[in-house]
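Colleague: I am new to this structure. Could you walk me through its strands, its ligand and a pocket?

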Amino acid sequence: MPVAPAAPPLTIEKLVPGGAGFARLPDGRSAFVDGALPGDRVSVDAWIGKKGYVEASKFRLETAGPERVAPPCPIAEACGGCNWMALPYGAQLGYKAALVVEALERTARIKLAEPPEVVSAGEPLAYRLRVRLHVDERGHVGFFGRRTQELVEVSECLVAAPELRAPIAALGALAVTERSTLGGHFAAVDLRAVPGGEVELELEPRADMEPSGAPVDALVKALSAHAHVGVGGGRRGGLRRYELPDGGFLRVPGGGFTQVNWAVNGALVAAVVAAARKRGARSFLDLYAGVGNFTVPLARAGLRGVAVELERTAAAALREALREQSLAGVEVLAGDVAGTLPRLSRKLRGVELVLLDPPRSGAKSAVMPLAALAPKNVAYVACDPVTLARDLRGFLDAGFALEEVRCFDMFPQTHHVETLAWLRPARR
Ligand SMILES: C[S@@+](CC[C@H](N)C(=O)[O-])C[C@H]1O[C@@H](n2cnc3c(N)ncnc32)[C@H](O)[C@@H]1O
């Protein structure tokens, strides 16, 4: 990778999608500095030169910007997880709204009348239900550093859910006493707190290893005081029950996708269900449905519909949750959204609500077939404002109008933001 020469100190102008601080080099090129905040004056020794711009993940802070605070976590600077922890929480929310405004304007020429509301997480620490720790060959346990695979050792994580504190601390201690067993056999540890359920800890073996023997048994026993422990997928079987705020529940296969912030997820799902009711929707199509995070609450609210999900295990878990809760009005299809939509075109023409919650890459190939269904309402849930903007432009060009944009702070201390956008057919 070409490395551009160092430049004189720069003043960071703003934060951009991706979370980096933006500044301009004296020669006019854009510069992106990970971890730098608006108003910071920073020196960078080595820029990574890209086509038309430069970036850096290491910098010296010459003068702190007006909002910069000491992050509550002692490893925040080195760790790759919480790149905005040196911003007060209120400021984080304002910058997230600004990121969404900028993404919509730059990518889709959509000008919002005012910045979107960002629904606060309430609790900006201790929210993550899932954490993945890496183990190096020396038995150190931690997270990867900012844009590197260098291990940053941890024995506590301030954004992890309270239930995960004890197992993380136990791993930190074992990384000292059982270093060779951990490092010799395992590459990673997945921790997961099931809402209303137990804490699970999965030790992931190094490639081609089948850990066994007394030291491994002793390690598992020590960890079992704090969590239900599995080795190499040993606890992955069966369906977990995730309790929902509305009294229902989801079924989740071991290792299956779920949102990490259950409180904010509850607010997001409640907002979708309330708006669906307000709009008088009785039928829905839930695309990228996962284990039914939206499907189950919509069905519990009395709507009938179809859910589409690529992962067969997630689709099967959703069917099971619907069956157990006697929610008969929903059909679950396992398959690719773009491939499935043409088959649904007759059955779902004029459907009252299309909800889509695609992965970070968005839903580009689904926009046209969806528009052809002529849905009465579209709710787009996005974790990436830039791909959201691209797809919203597709909907607008296909005759829809953007009605509302609202954000949910699912990932405090980071630049990530969840956005809910509502569209309706434009009046002609
Ligand atoms: C961001 S998750 C959302 C899941 C769910 N809506 C939720 O809130 O938990 C995206 C989901 O889309 C699924 N997925 C990814 N690509 C897909 C495709 N081409 N067709 C259907 N589903 C897909 C993934 O398996 C994953 O479950």
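**Strands, ligand and pocket**

Modeller: Start with an open sheet of 3 strands, ordered E2-E6-E9, whose pairing is antiparallel. Keep in mind that this is a predicted model.

Colleague: Which strands stand at the edges of that sheet, and why is one side of each left without a neighbour?

Modeller: The order of the open sheet is E2-E6-E9. A strand at the edge has a single partner strand, so one side is left without a neighbour in the sheet. The edge strands are E2 (10–11) and E9 (60–63).

Colleague: Which residue in E6 is the bridge partner of Leu-10?

Modeller: E2 pairs with strand E6, residues 41–43. The pairing is antiparallel and has 2 bridges. In E6, the partner of Leu-10 is Val-42.

Colleague: Which glycine has a positive phi in the turn between E3 and E4?

Modeller: Strand E3 (residues 14–15) and strand E4 (residues 21–24) run antiparallel, joined by 2 bridges. Leu-15 has Gly-21 in E4 as its bridge partner. The two strands form a hairpin with 5 residues between them. In that turn, a positive phi of about 105° belongs to Gly-18.

Colleague: E4 also pairs with E5. What is the phi of Gly-28 in the turn between them?

Modeller: Strand E5 covers residues 30–33 and pairs with E4 in the antiparallel sense, over 4 bridges. Phe-22 stands opposite Phe-32 in E5. E4 and E5 form a hairpin, with 5 residues between them. Gly-28 in the turn has a positive phi of about 95°.

Colleague: In which sense do E10 and E24 pair, parallel or antiparallel?

Modeller: In general, strands of a sheet pair through backbone hydrogen bonds, in either sense. Here, Glu-117 stands opposite Arg-406 in E24. Strand E10 (residues 117–119) and strand E24 (residues 400–408) are linked by 3 bridges, and their sense is parallel.

Colleague: How many bridges join E24 to E25?

Modeller: Strand E25 spans residues 418–425 and runs antiparallel to E24. The number of bridges joining E24 to E25 is 8.

Colleague: Now the ligand. Which residues come nearest to it?

Modeller: The shell around the ligand has 8 nonpolar, 4 polar and 4 charged residues. Of the 16 residues around the ligand, the nearest are Tyr-288, Glu-309, Asp-336, Val-337 and Asp-357.

Colleague: How much of the ligand's accessible area does the protein cover?

Modeller: Look at the backbone contacts. A polar backbone atom of Tyr-288 is 2.9 Å from a nitrogen atom of the ligand, and one of Leu-310 is 3.1 Å from a ligand nitrogen atom. A backbone N or O atom of Val-337 also lies 2.9 Å from a nitrogen atom of the ligand. On its own the ligand has 590 Å² of accessible area, and the protein covers 85%.

Colleague: What is the volume of the second largest pocket?

Modeller: Its lining has 21 residues, with Ser-57, Phe-59, Glu-77, Ala-78 and Arg-146 nearest the centre. By class, 11 lining residues are nonpolar, 5 polar and 5 charged. The volume of the second largest pocket is about 350 Å³.

Key:
Residues are numbered from 1 along each chain as its sequence is written. This is a predicted model: local features need pLDDT of at least 70, side-chain atom pairs count only at pLDDT 80 or more; totals for chains, interfaces and linings use all residues. Side-chain values use heavy atoms; hydrogens and water are left out. Two strands pair if DSSP finds at least two bridges between them. A residue is near a molecule or strand if one of its heavy atoms lies within 4 Å of it. A polar contact is a pair of N or O atoms within 3.5 Å; within protein, one must be able to donate a hydrogen and the other to accept it, and residues adjacent in sequence count only if both atoms are side-chain atoms. Accessible areas come from the Shrake-Rupley method with a 1.4 Å probe; for residues, only the protein chains shown count as cover. Ala, Val, Leu, Ile, Met, Phe, Trp, Tyr, Cys and Pro count as nonpolar, Asp, Glu, Lys and Arg as charged, and the others, Gly among them, as polar. On a 1 Å grid over the protein atoms alone, a cavity is a set of points where a 1.4 Å probe fits but cannot get out, and a pocket is an open set with protein on both sides within 12 Å along at least five of seven lines; lining residues have an atom within 4 Å of a point. Grid points are joined across faces, edges and corners, and a volume is the space filled by probe spheres set on the points.
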